[in-house]
Every structure is written in C-alpha cells, then in structure tokens.
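My notes follow the structure.

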Amino acid sequence: MSVLTNNLDLFLRAFGQTLQLFAISGVLSLLLGTLLAALRVSPVPVFRAIGTAYVTVLRNTPLTLVFVFFLFAYPLLEIVKIEPYTAAVVALSLYTAAFVCEVVRSGINTVPVGQAEASRALGLTFTQMLGNVVLPQALRSVVPPMTSTMIALLKNTTVASGFAVFQAGTIRDSLSEQGENVLLGLLWVAVGFVVLVMPLTSVQQYFEKRWSVAR
C-alpha cells in the first residue's frame, strides 16, 4: 500500500494522461471508423476499395509499428512537425479506427436489406439512408463489440510509454528510478486499469438493457 500512497501524485498524473489519451483517440477513432464503414458499404467501387485497403493494412500491422512510423519515419517526410503525444493520438486513432469500422460494418449487415430498399423507394440518397435509417439500427447491435474495442484501446495506450509519452505505462520506470517495489507498483497499475474499465462495462450494460427494451 505504501507504494501507492508514497507515489499517489505520480499515479494520478499518469492515469490522468492515460484517460486524456484514451478519450481523444476514442472519439477520433469512432468518427473515422464510422466513416470507413460507410465507405466499405458504399455503392461506389472506388470508395469500397479505399475502405477495404485501409482496414486490411491497419488491422494486419502491429500497433508498435504504427507508433514507430509516426514517431520516427513520419518526421523524416518533413510535412508537419508533431510532438510525441500528438503522434501517439494519431497512431492510436488510425489503428483503432480499422477495428471500429469492422464493428460498425457488422452492425450494418444485421439491418434487413428491405430497410435500405424501402429507403431508396422513398427517394432517400445513400447518405440519408445510411445516417437516418441504417446506422441508428446498426449501432444498437454493436454495443458489446464496440465496448470491447474501446477497452482494447484503453489498454493499448500503454504502448505509448515506449515512445516517450508520459502515461500509466511509464509508472514502472518512475518507480524503478526511485527504488520502489516495481512489482507492487505494477499490481496497482493493473488495479487502476480495472477501475477504468468498470465504467465502460456499466455503460455497455445500460445501453444493452435500454435498447433491448426499445426493440
């Protein structure tokens, strides 16, 4: 317990940064992933090809390599200079978006085809049909897998610790420098992540219960 109490400020600052990194990356990945899902079900072949290529490349690339690209390779292009924290946000967002895309697309596939056909018969455009008819129904069925994707994102933020980004993953190094018991420190880090995951699970259960009644 002394490891936690003696370094409480360190734990609070580190997990605060983790939450910030998770929140920003989560919002960006949800927006980009939904857009990619729309591309993947688009009637335009070029758009479908772009969405498929993105998902194929990012899903099959280790997250560490994505970090390496944006922190070491991208700066060599000398396009826009980005700080390590910004690079971490970009890497996490782009990587997670590929998984969000597949989750949303699976939800879209659960919506009966007749819904889309009826929308077209009413004169709705593809964008109107997707945004007003299909997506609202699809999102109800993807709450569990989407929550799992967000939980994975939360845990993936620790990868940033290997690239000079201060967050929960760097607690071990700080404790080691201070001569603290690193093993106990890591156990408290694990407890911290469990505490952070619990609200996500509660949100999942709330929406599952609410939308199951609505159906």
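The model is predicted, so local features need pLDDT of at least 70 and side-chain atom pairs pLDDT 80 or more, while totals for chains, interfaces and linings use all residues. Residues are numbered from 1 along each chain as its sequence is written, and side-chain values use heavy atoms, without hydrogens and water.

I then looked up the geometry. Helix 2 (residues 8–40) and helix 5 (residues 84–110) pack at about 45°, with axes 5 Å apart.

Next I checked the pockets (open sets of points on a 1 Å grid, for a 1.4 Å probe, with protein on both sides within 12 Å along at least five of seven lines; lining residues have an atom within 4 Å of a point). The largest pocket has a volume of about 400 Å³. Among its 20 lining residues, Leu30, Val143, Met146, Thr147 and Met150 are closest to the centre. Helix 2 gives the most to this lining, seven residues. I counted no charged residues there, against 16 nonpolar and four polar.

The second largest pocket has a volume of about 150 Å³. Its lining includes Thr34, Phe47 and Phe126. Helix 2 and helix 7 (126–141) each give two or more residues to it.

Definitions and conventions:
Axes are lines fitted to C-alpha atoms, for helices over the stretch in contact, and angles run from 0 to 180 degrees between N-to-C directions. Helices (H or I, at least four residues) and strands (E, at least two) are DSSP runs, numbered from the N terminus. Grid points are joined across faces, edges and corners, and a volume is the space filled by probe spheres set on the points. Ala, Val, Leu, Ile, Met, Phe, Trp, Tyr, Cys and Pro count as nonpolar, Asp, Glu, Lys and Arg as charged, and the others, Gly among them, as polar.
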